[in-house]
There are 2 protein chains.
Amino acid sequence: MAQEASHPFDQALHFEEEGETQVGHTSPAYANMIGPYGGLTAATILKGALTHPAAIGEPIALTINFASAVKEGHFEIKAREIRTNRSTQHWFITQSSGGEIVTTGTAIYAKRRETWSSTEYQPPAMPDFDTMESMPRGSKPAFAGMYDIRVVGGESQMFGAKNEDGEPTAESLLWVRDNPSRPLDFLSLVAIADIFFPRIFVRRGTFVPAGTVSMTIYFHAGEAELRAVGEAPLIGHARAGRFWNNYFDQAAELWTANGQLLATTNQIVYFKE
Amino acid sequence: MAQEASHPFDQALHFEEEGETQVGHTSPAYANMIGPYGGLTAATILKGALTHPAAIGEPIALTINFASAVKEGHFEIKAREIRTNRSTQHWFITQSSGGEIVTTGTAIYAKRRETWSSTEYQPPAMPDFDTMESMPRGSKPAFAGMYDIRVVGGESQMFGAKNEDGEPTAESLLWVRDNPSRPLDFLSLVAIADIFFPRIFVRRGTFVPAGTVSMTIYFHAGEAELRAVGEAPLIGHARAGRFWNNYFDQAAELWTANGQLLATTNQIVYFKE
């Protein structure tokens, strides 16, 4: 526990309770170009409900809407319990910074029971984590240093990717884990779900201003399953559907090395030109 | 306009303004087994913001959380403008029925400009609409009669689908349009995005209690592009990622006949066993 509490991710998600509000502080370690890394903001929103005394069950779905950049300094999280049924619970969560709402989220919690189960997607075939090189942080924003990312095909596949036929593609396969490593939980899984660089960079091989506007994560594992993953790296698979007039969609899956689909995630991303 | 107003879909989305609230009424034509067809509820939530005098631009993303069944009779829609930036706008919308919130939604609007564009997914190869048979309504709930659905492989592919190798699959390809036909707009597109029967029926070939808990739609077309589609049928392609302990995810695309990707949509669905 002492080790966990000292991880920069846990420090970044340390909130103080002030009545119905939780007060946090932006983290230089997870800074993006403007404001915090979106994955950290997503985890911040989830934590607003996760630590609420009224919460039941475990998260099954989370949507985060990035309305504006989180300003450096303090922010406030408010989790509003919208409705609690026998086995599901709905939350509306806001993050305010400088007196204005900058992020909204809806989270759904559920008590699950064991059922018939089946994984329909094929787990990607991957080279061994240990045989691949970590992407250097280089000139990337601070948060990129907080993840060990190993992209199939090397870093060139993140800026101007080619498919097997040598044609431009928006698809990436990678390994990812926290750096330094940290036992997986819902919060770090949510943060990792945003680790896929904007597909516009991958597809066009050039940097254009871009930023996630909304992101949705569906969870296909519970707390016990995430705990069992421990500090092992995850496999990430991402692609895009359509780039059109300032926005594109991005879809991704997160897998364990042994083929367990932990989460599916989608986002819609702004791009300038 | 007279013709449009008389379509049952437009009747179902007729609201009366009462101050900040819009009051609607459940529609027998779009009834599901319990409460209204989820696609109609999704359109109801979008309409809450779409008709708001403060709305700017066009919808780019919509998430609807189905917290409880909408009770028969009147319901109230409240659209709260969370934040308006230069080119984007964030909404939180609630639907109340019997004095309790039954549905929540977040919608993002944006003013788009023309940019570099590219469709990354392959449009599905489809038999001609006219050569295929409409799925009979049979014993399905009322709303199924409000759509002309033509499934590749026939109705048997909706309950116990097999892939090319003869193995069970959760994947479907279909044509769909309103019945009677109606010019496409954001509202009907949102409703159509929920037309894919729960993948659990498709995959297992049996009926189990199931219901959508949350649904997200990303729009890849504007009002003018939707208007150009007119009353032509759309191509729908749906699949599932993982069924696990009461919940599964479902992903789908909606295409025009000539390969324009109009929307990508995802949902997480409850199933009982």
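Student: How many of the residues in chain A are buried, and what makes a residue count as buried?
Tutor: Buried residues make up 59% of the 273 residues in chain A, where buried means under 20% relative accessible area, exposed means over 50%, and partly exposed lies in between, with a 1.4 Å probe and protein chains only. This is a predicted model, in which local features need pLDDT of at least 70 and side-chain atom pairs count only at pLDDT 80 or more, while totals for chains, interfaces and linings use all residues. Residues are numbered from 1 along each chain as its sequence is written, chains are lettered from A in the order in which they are written, and side-chain values use heavy atoms, with hydrogens and water left out.

Student: Why is A:Ala240 called buried?
Tutor: The relative accessibility of A:Ala240 is 2%, and the cut-off is under 20%, so A:Ala240 counts as buried. A:Ala240 is found in strand 11, residues 234-244 of chain A, a strand being a DSSP run of E with at least two residues, whereas a helix is a run of H or I with at least four, both numbered from the N terminus.

Student: Which residues of chain B does A:Ala240 touch?
Tutor: With contact meaning heavy atoms within 4.5 Å, and not counting residues up to four places away in sequence, A:Ala240 touches B:Glu120 and B:Tyr121, and its partners in chain A include A:Arg199 and A:Phe248.

Student: What makes A:Val23 buried or exposed?
Tutor: A:Val23, in strand 2 (residues 21-25) of chain A, has a relative accessible area of 12% and is therefore buried. Among the residues that A:Val23 touches are A:His14, A:Phe15, A:His74 and A:Phe75.

Student: How many helices and strands does chain A have, and why is chain A called as compact as a globular protein of its length?
Tutor: Chain A has six helices and 13 strands. Its radius of gyration is 18 Å, close to the 19 Å that the globule rule gives for 273 residues, so chain A is as compact as a globular protein of that length; the radius is taken over C-alpha atoms, and the rule is 2.2 Å times the number of residues to the power 0.38.

Student: How do you know how the two copies are related?
Tutor: Chain B can be laid on chain A with an RMSD of 0.0 Å by a turn of 180° and a shift of 0.0 Å along the axis, the superposition being by least squares on the C-alpha atoms of residues with pLDDT of at least 70 in both. The two copies are thus related as by a two-fold rotation axis.
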